[in-house]
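Open your viewer, switch to the cartoon view, and let's take a walk together. Each stop tells you what to select and what you will find there.

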Amino acid sequence: MDTGFTAWLTLPEAEIRRLGLVRAGSRYSIIVSGNQEEFEYYETSVLWHGQLHRIEVFQSMDQPLLGMELLEGSRVSVDAWDGGSVIIEAVRP
(Lines give C-alpha, C1' and ligand atoms only; values in the text may rest on other atoms or scores of the structure.)
Protein backbone atom coordinates (compact mmCIF):
# COMPACT_ATOMS: atom_id res chain seq x y z
CA MET A 1 0.00 0.00 0.00
CA ASP A 2 1.28 3.47 -0.83
CA THR A 3 -0.76 6.50 0.21
CA GLY A 4 1.46 8.72 -1.96
CA PHE A 5 0.66 6.67 -5.09
CA THR A 6 -2.52 8.19 -6.54
CA ALA A 7 -3.12 5.64 -9.32
CA TRP A 8 -4.58 2.12 -9.11
CA LEU A 9 -1.94 -0.59 -8.87
CA THR A 10 1.66 -1.49 -9.69
CA LEU A 11 2.93 -4.99 -10.41
CA PRO A 12 6.40 -6.32 -11.23
CA GLU A 13 7.09 -7.21 -14.87
CA ALA A 14 7.15 -10.96 -14.14
CA GLU A 15 3.64 -10.82 -12.63
CA ILE A 16 2.35 -8.73 -15.54
CA ARG A 17 3.66 -11.37 -17.97
CA ARG A 18 2.20 -14.21 -15.87
CA LEU A 19 -1.23 -12.54 -16.01
CA GLY A 20 -0.91 -11.94 -19.78
CA LEU A 21 -1.64 -8.22 -19.53
CA VAL A 22 -1.32 -6.27 -22.79
CA ARG A 23 0.65 -3.01 -22.77
CA ALA A 24 -1.58 0.06 -23.21
CA GLY A 25 1.18 2.68 -23.33
CA SER A 26 3.51 4.66 -21.13
CA ARG A 27 3.06 7.65 -18.86
CA TYR A 28 5.25 10.00 -16.92
CA SER A 29 4.75 10.26 -13.19
CA ILE A 30 6.47 12.12 -10.38
CA ILE A 31 8.01 9.72 -7.87
CA VAL A 32 8.69 10.27 -4.17
CA SER A 33 12.12 11.82 -4.85
CA GLY A 34 10.39 14.52 -6.92
CA ASN A 35 11.87 13.20 -10.17
CA GLN A 36 9.72 12.46 -13.18
CA GLU A 37 9.96 8.91 -14.57
CA GLU A 38 8.30 7.07 -17.42
CA PHE A 39 6.28 3.96 -16.58
CA GLU A 40 4.74 1.30 -18.82
CA TYR A 41 1.09 0.69 -18.07
CA TYR A 42 -1.47 -2.00 -18.83
CA GLU A 43 -5.27 -2.01 -18.70
CA THR A 44 -7.25 -4.80 -17.09
CA SER A 45 -10.32 -5.47 -14.97
CA VAL A 46 -10.37 -6.50 -11.32
CA LEU A 47 -13.12 -7.56 -8.96
CA TRP A 48 -12.86 -5.16 -6.02
CA HIS A 49 -15.39 -5.01 -3.19
CA GLY A 50 -17.79 -7.11 -5.26
CA GLN A 51 -17.71 -4.86 -8.34
CA LEU A 52 -15.79 -5.14 -11.59
CA HIS A 53 -13.49 -2.15 -12.19
CA ARG A 54 -11.45 -1.27 -15.27
CA ILE A 55 -8.01 -0.19 -13.97
CA GLU A 56 -4.54 0.76 -15.11
CA VAL A 57 -1.64 -1.34 -13.85
CA PHE A 58 1.78 0.31 -13.85
CA GLN A 59 4.91 -1.79 -14.17
CA SER A 60 7.10 -1.61 -11.07
CA MET A 61 10.66 -2.69 -10.50
CA ASP A 62 10.18 -5.16 -7.68
CA GLN A 63 6.98 -5.00 -5.66
CA PRO A 64 3.25 -4.57 -6.05
CA LEU A 65 1.63 -1.43 -4.64
CA LEU A 66 -2.02 -0.62 -4.06
CA GLY A 67 -2.64 3.02 -4.85
CA MET A 68 -5.21 5.43 -3.51
CA GLU A 69 -7.42 5.21 -6.63
CA LEU A 70 -8.06 1.53 -5.84
CA LEU A 71 -8.38 2.14 -2.10
CA GLU A 72 -10.93 4.96 -2.55
CA GLY A 73 -13.99 4.16 -0.44
CA SER A 74 -12.13 1.61 1.71
CA ARG A 75 -11.14 1.30 5.34
CA VAL A 76 -7.67 -0.16 5.87
CA SER A 77 -6.61 -1.78 9.15
CA VAL A 78 -3.00 -2.87 9.65
CA ASP A 79 -1.44 -4.96 12.40
CA ALA A 80 2.04 -3.43 12.13
CA TRP A 81 4.24 -6.40 13.02
CA ASP A 82 5.84 -9.25 11.10
CA GLY A 83 3.02 -11.55 10.03
CA GLY A 84 0.34 -9.06 11.09
CA SER A 85 -2.89 -8.88 9.13
CA VAL A 86 -4.03 -6.23 6.68
CA ILE A 87 -7.79 -5.83 6.29
CA ILE A 88 -9.31 -3.76 3.48
CA GLU A 89 -13.07 -3.35 3.64
CA ALA A 90 -15.55 -1.32 1.64
CA VAL A 91 -17.15 1.62 3.42
CA ARG A 92 -19.40 4.33 2.12
CA PRO A 93 -18.61 7.69 3.78
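Start with the strands: five of them form an open sheet in the order β2-β3-β4-β1-β5, with mixed pairing. Now look at the two edges, where β2 and β5 (65–66) stand; each has a single partner strand, so one side of each is left without a neighbour in the sheet. Keep in mind as you go that this is a predicted model. A word of background: strands of a sheet pair through backbone hydrogen bonds, either parallel or antiparallel.

Select β2 and β3 next. How many bridges pair them? Seven bridges do, in the antiparallel sense. For one example, click on R23 and find Y42 opposite in β3. Then follow the chain around the hairpin of β2 and β3, which has five residues between the strands, and stop at G34, where phi is positive, near 95°.

**On to β3 and β4.** Select residues 36–48 for β3 and residues 51–60 for β4: these strands run antiparallel and are joined by eight bridges.

**Strand β1.** Which way do β1 and β4 pair, parallel or antiparallel? They pair in the parallel sense, over four bridges. Select T10 and you will see F58 of β4 opposite. On the β5 side, β1 pairs in the antiparallel sense over two bridges, and L9 has L66 as its bridge partner in β5.

**Last stop: V22.** Select V22, in the loop between α1 (13–19) and β2 (23–30). Is V22 buried or exposed? With a relative accessibility of 62%, V22 counts as exposed, because exposed means over 50%. Which residues does V22 touch, once neighbours within four places in sequence are left aside? Y42 and E43 are in contact with V22. Finally, draw a distance from V22 to T44, C-alpha to C-alpha: these two are 22 residues apart in sequence and 8.4 Å apart in space.

Methods:
Residues numbered from 1 in each chain as written. Predicted model: local features only at pLDDT ≥ 70, side-chain atom pairs only at ≥ 80, totals over all residues. Heavy atoms only, no water. Buried < 20%, exposed > 50% of the residue type's maximum accessible area, 1.4 Å probe, protein only. Contact = heavy atoms within 4.5 Å. Pairing = 2+ DSSP bridges.
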